[in-house]
Amino acid sequence: MAGGELERLIGLLARLPGLGPRSARRAGLFLLKRREALLQPLAAALTEASANVRNCRICGNLDSIDPCAICGDVDRDETQICVVEEVAGLWAMERTGHFKGRYHVLGGVLSMLDGIGPDELGLDRLLDRARRPEVREIILAIGATVDGQTTAHYIADRLADCDVTLSGLAQGVPIGGELDFLDDGTIGAALKARRPIQG
């Protein structure tokens, strides 16, 4: 029904989260109808992001500078590190405006099915940061899924010999909930009511 270029565009759009083949077709046609106003600026933005956006070598956030703007901010509280699964979780925490410390992005959770072990998550980097004398608290803001809780317990075990308080998000985060899908008030309440985690 369509040429190779259009099929390739639709196929790539269909790989995006929340877009199936039908939604990808609609999005592709919409972009092509608005080439100058939308498609060409989008293509340029994608090219620029691909060339310039990188993971921060300290926390794992995405930014065009390294270290990222959060890690480079001298006004952030160095005594707290909030551990999140993905960059989307970091952004969700930042939207609330309640957390003023540092972050550590795992890049996923432990998952036997997906072949993700401790080495894939770079947990040694987190341990190195947790052992720094200025760090007093590690907040585990990891989703309440089975894999998320397995990851939290594993991290708690690894941090047992560090001189830090270990806490997790409390009220407001439902079982099976993902940070990126929660409203700002819920995340803020959960952060304020965090509780210690027993290793």
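Me: Hi! Which residue forms a salt bridge with Asp66?

Reply: Asp66 pairs with Arg57, and their closest N and O atoms are 3.4 Å apart. A salt bridge here is a side-chain nitrogen of Lys or Arg within 4 Å of a carboxyl oxygen of Asp or Glu. Bear in mind that this is a predicted model, where local features need pLDDT of at least 70 and side-chain atom pairs count only at pLDDT 80 or more, while totals for chains, interfaces and linings use all residues. Residues are numbered from 1 along each chain as its sequence is written, and side-chain values use heavy atoms, with hydrogens and water left out.

Me: Why is Arg57 called exposed?

Reply: Because its relative accessible area is 52%. Exposed means over 50%, buried means under 20%, and partly exposed lies in between (1.4 Å probe, protein chains only). Asp66 counts as partly exposed because its relative accessibility is 41%.

Me: How many salt bridges does the count come to?

Reply: The count comes to seven salt bridges. One of them joins Arg102 to Glu78, with the closest N and O atoms 3.4 Å apart. This pair links distant parts of the chain, since Arg102 is in strand β4 and Glu78 in strand β3, 24 residues apart. Helices (H or I, at least four residues) and strands (E, at least two) are DSSP runs, numbered from the N terminus.

Me: Is Arg102 buried or exposed?

Reply: Arg102 counts as buried because its relative accessibility is 8%. Glu78, at 42%, counts as partly exposed.

Me: Changing topic: how do β3 and β4 pair?

Reply: Strand β3 (residues 77–84) pairs with β4 in the parallel sense, over five bridges. Strands count as paired if DSSP finds at least two bridges between them. Cys82 stands opposite Tyr103 in β4. As for cover, five of the five residues in β4 (residues 101–105) are buried.

Me: Which residue pairs with Arg95?

Reply: Asp184 forms a salt bridge with Arg95, the closest N and O atoms being 3.3 Å apart. That pair also links distant parts of the chain: Asp184 is in helix α8 (residues 184–192) and Arg95 in helix α4, 89 residues apart.

Me: Which residues are linked with Arg95 in a network?

Reply: Asp180 and Asp184 are linked with Arg95 in a network of salt bridges.
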